[in-house]
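Hi everyone, thanks for coming. Have a look at the structure on the screen, and I'll walk you through some of its details.

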Amino acid sequence: MMKNLTLVLIFFAGLLINATSQDLTEKKYYEAIRIEKAPSIDGNLDDEAWLSNNWEGGLIQHEPYENRSPSQPTEFKICFDDINLYIAIKAHDSAPDSITNRMSRRDNGDGDMIFILLDSYHDLRTGFVFGVSSAGIRFDMIMANDGQNEDSTWDPIWQAKARVHDWGWAAEMKIPFTQLRFQKNTNEVWGMIVGRQIFRHGEMSFWPAIPRDAPGIIHMAGELGGLEEVEPRKQFDIMPYGVAAYKTYEAEEGNPFMTGRDPRFKAGLDAKIGVTNNLTLDLTLLPDFGQVEADPSEVNLTAFETFFEEKRPFFIEGSSITSFNVGLGDGDVGNDNLFYSRRIGRRPHGYPSLGDNEYADVPTFTNILGAAKLTGKTKNGVSVGFIESVTAEVKADIDSAGERSSEIIEPLTNYSLARVQKDFNKGNTIIGGAATSTIRRLDDTGLDNLHKNATTAGLDFTQYFKERNYMFSTSIYMSNVEGTTEAITRTQMSSARYYQRPDADYVELDEDRTSLSGLGGKIQAGKIGGKWNFLYMGNFKSPGLEINDMGYQREVDQMLNVLWTGYNFTEPFSIFRSLNLNNDAYIVNDYGGNIQSIGYEFNVNARFKNFWDGGFGGGFGILNRSNNFLRGGPTMYLPNNWRYNIYFSTDDRKKVSFFGGSFMNGRVENMSFGINYSLGITIRPLNTLRISISPAYSVRTDEFQYISRQSMNDDDRYIFGKIDQKVLSTSIRINYNITPDLTIQYWGQPFIATGAYNNFKMITDPVADDFSDRYHVYTEDQITREDGYYGIDEDTDGTYDYGIGIPDFSVDEWKSNLVVRWEFLPGSTAYLVWSQARDFYQPTGKFEVWDNIHHLFTEKIANNVFLLKLSYRFGLR
């Protein structure tokens, strides 16, 4: 791989020398006007500020037909005073009764919309987006990396109103300069894009024109002048909050911690402070995220941790700045990152050791004492993101016959992150770095299996050239973890690397080590602009790499090389509005030079002229060799695998729309087969009400589901069984908007998962040429089901040599959240929340839907949480 990497570096270094940094297209220009009297933000456009003739039009269609005049004209005007920027937009429409007015949650824009993007840094990479729908629903986001990354969790304090008139509809915005980041400069302009969506036509238009196949959008923005003398204003908002919560659940007789009801009161503070004109400090003390939706249910039978999306506002706002992604593409490989914010406030690592008749009160998450985040971009083009957070020591209270004690299950921990990037050459060259640190106070905690210190650091470089149609990027990063011999041994034996594998001659388990270090990196190079695109992508992760204390990774000991190409049909033709074709080939090696897999993937995605979407894809893998299939055992050869998917969705402009899809995968030799079906319906009986129901059903049969490792005569036995697994779930969402600032949101998910095991077997020769020679199926004389376990008499001498527990399961869960949200003043919010959770488990493996639901709602009392949260914003500047 290093030879290939050197050739790629030489090739792109030559291109870099000849790279042009000039934008050959003349920029469109608009000059804002200073006003003395601020307009009323009501959507009427009858104020003095809007009566002059400085209205600008000239939007150009972007979709579906590039570079055509839009079906309806649009005009805009921009004014300002010392405090605010004011934008007015006239969205003319010859059929105003056809304007689509749909109420939705903030940031979930739907229907006819307009927006403005402001590149106040004028770095050609970052844009602050402010938009409003014809129904008055605001949406805002930060676009980074020339529009390739979007952060819709950014919620600035600003105002907007929209109103339908007999000539179309109008929108007015008032954006305080405190919400924008810029530097006073008499010679500088801002970048600006104005956009309009006409929903019924599926039409999008921009000022200035932006090609559909552009490699980014912000570098193509027009210019906004007239603001050179505006004084930047620093933001200073303090938002104290209070929470009152009441939890009810099923009481447990004799357990003093399970009385059936728990009241809770909490107060804290959030703040947003402008440190400089370009840097903002976010603070939170004793935060509470009780209004955040729960994670979906799952049954994870793999050896790897599930990746869950971040939903807490403090951590997702500005996440594009603090991210240092080290993965490739999307899916499991694409999630790898030096910073995975779900580590902060996670479920405690430990659990108390309890004796007979002992009870414990075990917290389900770690309290965050406080966190600070500094983000922004300096006038010199340096983008910074710093996070510092401290989580509390967590104790489980234990009751033993009335005597109380406690046991530490999570230590006091400090998390630190620094992310810095500097762009040159009008944003075409970007150099950056990142570092994270996790420090735990482990003295006298008994948690010797955790790392005491964990550090990561990385450098990245990106170069765009040929008007950003081509790119080259690379990064390199390292990790170091320190702890007791127990902690480092545990890390060496984890599912990410399995140093204990008996046939791994390039790694060695060292139980005396007190530290472990590793190295990783990735490279991407190719053409990203135009209709035809191609990329080479590669990454490597050494066996000792460990970033999971503050980041996320599934596997290391891996070198992945991918060649991808795609073609985009952006203009409507035949039955298509657009068509996208992609395919790639890949090869995976471990650090011993062994091929782990060679594969091919493809997908086709289409939007039709009737506004339906559809697509299909698939792939296969050959020469499959797994270092983790036996979970610490030797390498095993696996049969070839395959996968296929298909999906469709109907016109979402309609009051009723549908979607559906299916995904199938498996391995040859009748090793495994799985299929998943997903359906959905979305209903809009009113423009203020949206109901969606999305059931999913999956069936999986796998002859080789890992169960256990046992020992006989000092030899390991890797035991598998055939699993027949069924999963049925439904996601139910109801959004009702009483006003743009008063919403009711409901989410519920019933979940049933069962697994029935049979045909138990052990691995005999994992690298035998014939698949059937790699395992032995236990005969009826060798395995016997007893009360609560299977006894295995491998040598049939009448005595059990070892045993396994009965792995059958039936998991039933119900999760739901009902949230009433009212933004009664800009930045001040009240939440009323009802969360409910139900669960029922039985070791049967029987999939009987009505019985499962009956048990879920009758066997146990639900866990209910009723919560009232009130936050009030004090704007001190």
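I'll begin with confidence, then go through strands, single residues and some backbone details.

This is a predicted model, where local features need pLDDT of at least 70 and side-chain atom pairs count only at pLDDT 80 or more, while totals for chains, interfaces and linings use all residues. Residues are numbered from 1 along each chain as its sequence is written, and side-chain values use heavy atoms, with hydrogens and water left out.

As for pLDDT, the predictor's confidence in each residue from 0 to 100, the chain has a mean of 91, and 96% of its residues reach 70 or more. Residues 1–24 stay under 50. Where pLDDT is low, the predicted coordinates should not be read in detail.

Now to the strands, which like helices are DSSP runs numbered from the N terminus (strands are E, at least two residues; helices are H or I, at least four). Let's start with β19, residues 368–377. Why do I call β19 largely enclosed by the rest of the structure? Because seven of its ten residues are buried, meaning under 20% relative accessible area, with exposed being over 50% and partly exposed in between (1.4 Å probe, protein chains only).

Two strands pair if DSSP finds at least two bridges between them. Strand β17 (residues 279–285) is joined to β19 by seven bridges, running antiparallel, and there leucine 279 has glycine 376 as its bridge partner. Strand β20 (residues 382–391) is also antiparallel to β19, with nine bridges; here threonine 375 stands opposite glycine 385. In the hairpin of β19 and β20, four residues lie between the strands, and glycine 381 has a positive phi near 85 degrees.

Next, there is an open sheet of three strands, in the order β18-β21-β22, paired antiparallel. Its edge strands, each pairing on one side only, are β18 (358–361) and β22 (403–410). Ignoring direction, neighbouring strands of this sheet are turned by 30 degrees against each other on average; axes are lines fitted to C-alpha atoms, for helices over the stretch in contact, and angles run from 0 to 180 degrees between N-to-C directions. Four bridges link β18 with β21 (residues 394–400), and aspartate 361 faces aspartate 397 in β21.

On to single residues. Threonine 438 sits in strand β24 (residues 429–440) and counts as buried, at 1% relative accessibility. Contact means heavy atoms within 4.5 Å, and, not counting residues up to four places away in sequence, threonine 438 touches several residues, among them Tyr415, Lys452 and Asp549.

Asparagine 641 belongs to strand β35 (residues 641–649) and is buried at 15% relative accessibility. Its contacts beyond four places in sequence include Phe620, Asn624 and Arg667.

Finally, the backbone. Most residues other than glycine have a negative phi, and most peptide bonds are trans. So where are the cis bonds I'd like to show you? One joins glutamate 63 and proline 64, with omega about 10 degrees, and another joins tryptophan 207 and proline 208, with omega about -5 degrees. Proline 64 is in the loop between β3 (60–63) and β4 (74–80), a loop that also holds asparagine 67. Asparagine 67, although not a glycine, has a positive phi of about 70 degrees, and at 55% relative accessibility this asparagine counts as exposed.
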